[in-house]
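Please read the following report alongside the sequence and the model. It takes up surface, fold, side-chain pairing and confidence in turn.

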Amino acid sequence: MPAPAVRMMKEAINATANALHRVSAYADADQSQLSTNFRSAQEESDKFVKKG
């Protein structure tokens, strides 16, 4: 297959595969930082670590 066609296909595949990446992950860091301040979140985290 010619190189330009391969590049165009790769770009289309990557655009489709990664289209929702930012949408689904944009608030992960904010939510993690916020939830670590809650006592209930800390307790559940401790329980999880003790199980593993």
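The protein chain of this predicted model exposes about 5200 Å², of which carbon and sulfur atoms supply 59%; the area comes from the Shrake-Rupley method with a 1.4 Å probe. Of its 52 residues, 2% count as buried, a term that means under 20% relative accessible area, with exposed set at over 50% and partly exposed in between.

The chain holds 4 helices and 0 strands, in the order α-α-α-α along the sequence, where helices (H or I) are DSSP runs of at least four residues and strands (E) of at least two, numbered from the N terminus.

There is 1 salt bridge, defined as a side-chain nitrogen of Lys or Arg within 4 Å of a carboxyl oxygen of Asp or Glu. Glu44 pairs with Lys47, and their closest N and O atoms are 3.2 Å apart. Both lie in helix 4 (residues 39-51), 3 residues apart and so separated by about one helical turn, while Glu44 is partly exposed at a relative accessible area of 47%.

Confidence is given as pLDDT, the predictor's confidence in each residue from 0 to 100; the chain has a mean of 82, and 87% of its residues reach 70 or more.

| Helix | Mean pLDDT |
|---|---|
| helix 1 (residues 3-17), highest | 90 |
| helix 2 (residues 21-25), lowest | 70 |

Residues are numbered from 1 along each chain as its sequence is written, and side-chain values use heavy atoms, leaving out hydrogens and water. Local features need pLDDT of at least 70 and side-chain atom pairs count only at pLDDT 80 or more, whereas totals for chains, interfaces and linings use all residues.

Terms used
Buried means under 20% relative accessible area, exposed over 50%, partly exposed in between (1.4 Å probe, protein chains only).
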